[in-house]
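Trainee: I am new to reading structures like this one. Could you walk me through it, feature by feature?

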Amino acid sequence: RLVGSEMCIRDRIIIGVVTILGAVIINKVLKNDSSNDNPNSSSINLVENYSDFFTANGCATKYINYLTSENKEALIKVLNESYTSKNKITEENILTKLDNFSGKNLTFSATKMYEEKLSKKVNKYYIKGVLYEDSIDGSSKAGDYYLIVTIDNSQKLFDITPYDGKIFKEE
C-alpha cells in the first residue's frame, strides 16, 4: 500500500498519461475533420450519384438559358466572382466576354462529370456536355461544351465558371 509522496507520484503519472491520451485522441479527431476541408487534386472523382449529376446539370442548363436569352443580370449573379474579376467582366460588357449564343435555341445535356469536394458542404463539378441546337426539323449537335459548377449545399447556392475542358482532354 502506497503512502505519502509515493501516492502523489503515482497520481501525477496517471494524470499525465490520461492527459496525453486525451490530447492524442482530440488531435486525431481534428485532423480527420480538417482533411475533409482541404482535399487535394487526387480527390477528384467521377460523379456516379444521379442526384448530384442532375443538380449540377440543372445549374449548367440555367447558365446556357441565361446566355441564349442575353439575361445580363442573371449571368453576372451566377458567374464565379474570381472569374468575373480576373476577366474584368461587368454587367455592361458581359455579353462580349462570354460565348455568344444570342438568338440560338440551345439545350445543354451533361454527358460526363467529375466532382471535387472543396469542403463538407461545397462541391465543384467539372462538366462535359453537349449543346444541341433546336429547330423545326429537330435538334442537331452544336458541339461539346465545358463548365465548372460550384455548389454550396449549406446555403443552396451555385456559381458557374466557363472552362476549357482540360480535365476531360487529359483522359
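Mentor: Gladly! Read along the sequence, the protein follows the pattern α-β-α-α-α-α-β-β-β-β-α. Here helices (H or I, at least four residues) and strands (E, at least two) are DSSP runs, numbered from the N terminus. That gives 6 helices and 5 strands in the protein. This is a predicted model, where local features need pLDDT of at least 70 and side-chain atom pairs count only at pLDDT 80 or more, while totals for chains, interfaces and linings use all residues. Residues are numbered from 1 along each chain as its sequence is written, and side-chain values use heavy atoms, with hydrogens and water left out.

Trainee: In what order do the strands stand in the sheet?

Mentor: The general idea is that two strands pair if DSSP finds at least two bridges between them. In this case, 5 strands form an open sheet in the order β1-β2-β3-β4-β5, with antiparallel pairing. β1 (44–46) and β5 are at the edges with a single partner strand each, so one side of each has no neighbour in the sheet. On average, neighbouring strands of this sheet are turned by 35° against each other, direction ignored. Angles like this run from 0 to 180 degrees between N-to-C directions, and axes are lines fitted to C-alpha atoms, for helices over the stretch in contact.

Trainee: How many bridges join β1 to strand β2?

Mentor: There are 3 bridges between β1 and the antiparallel strand β2 (residues 106–117). N45, for instance, has E115 in β2 as its bridge partner.

Trainee: Which helix packs on the sheet?

Mentor: For this we use contact, meaning heavy atoms within 4.5 Å. Helix α2 (residues 50–68) packs there, touching β2, β3, β4 (138–152) and β5, and its direction makes about 135° with that of β2.

Trainee: Which residues have the most contacts inside the largest nonpolar core?

Mentor: In soluble globular proteins, nonpolar side chains tend to be buried together. Buried means under 20% relative accessible area, exposed over 50%, and partly exposed in between (1.4 Å probe, protein chains only). A nonpolar core is a set of buried Ala, Val, Leu, Ile, Met, Phe, Trp, Tyr and Cys residues joined through side-chain atoms within 4.5 Å. In this protein the largest such core has 28 residues, and Y63, I64, L98, F108, M113, I127 and Y145 have the most contacts inside it. Two or more residues come from each of α2, α3 (72–78), β2, β3 and β4, with α2 giving the most, 7 residues. A second, separate core of 7 residues includes Y114, Y126, Y146 and I167.

Trainee: Is N123 buried or exposed?

Mentor: N123 counts as buried because its relative accessibility is 6%. This residue is found in strand β3 (residues 122–135). Its side chain makes a polar contact with that of Y125 (3.3 Å). Such a contact is a pair of N or O atoms within 3.5 Å; within protein, one must be able to donate a hydrogen and the other to accept it, and residues adjacent in sequence count only if both atoms are side-chain atoms.

Trainee: And what joins the side chains of D159 and N80?

Mentor: A polar contact of 3.3 Å joins them. D159 is found in strand β5 (residues 157–162), and at 19% relative accessibility D159 counts as buried. The C-alpha atoms of D159 and V149 are separated by 5.8 Å, although the two are 10 residues apart along the chain.
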